[in-house]
Amino acid sequence: MTRLILASQSPARTKLLSNAGIAHDVLVSDVDEDAVQARYGVTDPHDTALLLARAKAEAVASLPEADGALVIGCDSVFEFDGEAHGKPYTPELAKERMLRMSGSMGVLHTGHWLVDCRDTDGSDDGEHGSGATVGSVSSAEVHFMDMSEGEIDTYIATGEPLQCAGSFTIDGYGGAFIRKVDGDPHTVVGLSISTLRGLLGQAQVNVTELWTGGAADPAEVRAE
C-alpha cells in the first residue's frame, strides 16, 4: 500500500486527512521557519506559504523513516492589508490583529509540497516512484463579522488563536466570527484535500489508493 507521511504536527491537518479516509503517518519536521525566510528573503504571503511547505516536506523526506513513502508538507499564511500574518503567539499581538480584522476580509494561503520518496527503479512489490517534488498554493478569502473587544478578549483567553495563522480558526471557536469563505474551506483549516489530490496525480498516484474505508461518517462530523 502507498504510504503518505504528513510533515506537520497540526491536529487540524491530520483530522482533515482522517475524516477524508486518507491513511497517513505523522512525522514532524524540525524546520526553523524564521531562518528559512531570512535565507530566501521571501516576503510575499503566497510565496512564503509555498516556501515553508517545501522546507518542511524536504526536511522530512530526507529522514530514513520516509524511504518508500510520499511526504506532504503544508504551511499557512494569512494575508491582511498586504501583510503576512503567521501565528501571533502572544495575546497582545492576537488582539491587535483581530481588532483590525473585525468586519473586514483577508486571504488565507496554504502552501502544499509533495515529495515522492519511493524508489524510481521500483520495489519488490513492483511499485515505482515518480521522483516528483511538486507544490501548489490554495488560497481562500475569509470574511469576518464585526467583533466586539469583549468577544475578542474572551476568544483569545481560550488560547485557540495563538497558534493559528492569522489568529483564527474556522473549525473551532473562531468559526463564530467568520461570515463566509470564498474558496476551499479546507484551505482555511490548513490542508486542501483537492489540492493534495492534484499533487498526488502528478506523482502518478490516485487519491483513492490512500482511502482506508474509514472516512468519517458525515452525521458524526456534523455532530462534533
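## Helix ends, cores and a helix pair

Asp32 caps the N-terminal end of helix α2 (residues 33-40), with a side-chain oxygen 3.2 Å from the backbone nitrogen of Asp34. Helices (H or I, at least four residues) and strands (E, at least two) are DSSP runs numbered from the N terminus. After α2 comes Gly41, whose phi is positive, near 65°.

This is a predicted model, in which local features need pLDDT of at least 70, side-chain atom pairs count only at pLDDT 80 or more, and totals for chains, interfaces and linings use all residues. Residues are numbered from 1 along each chain as its sequence is written, and side-chain values use heavy atoms, without hydrogens and water.

The largest nonpolar core has 21 residues. Such a core is a set of buried (under 20% relative accessible area, 1.4 Å probe, protein chains only) Ala, Val, Leu, Ile, Met, Phe, Trp, Tyr and Cys residues joined through side-chain atoms within 4.5 Å.

Leu200 is among the residues with the most contacts inside the core. Leaving aside residues up to four places away in sequence, Leu200 touches (heavy atoms within 4.5 Å) Leu70, Leu114, Val205, Val207 and Leu210. A second, separate core of 19 residues includes Phe78, Phe80, Met101 and Val188.

Pro91, Ala94, Lys95, Met98 and Leu99 in α4 meet Glu149, Ile152, Asp153, Tyr155 and Ile156 in α5.

Terms used:
Buried means under 20% relative accessible area, exposed over 50%, partly exposed in between (1.4 Å probe, protein chains only). A polar contact is a pair of N or O atoms within 3.5 Å; within protein, one must be able to donate a hydrogen and the other to accept it, and residues adjacent in sequence count only if both atoms are side-chain atoms.
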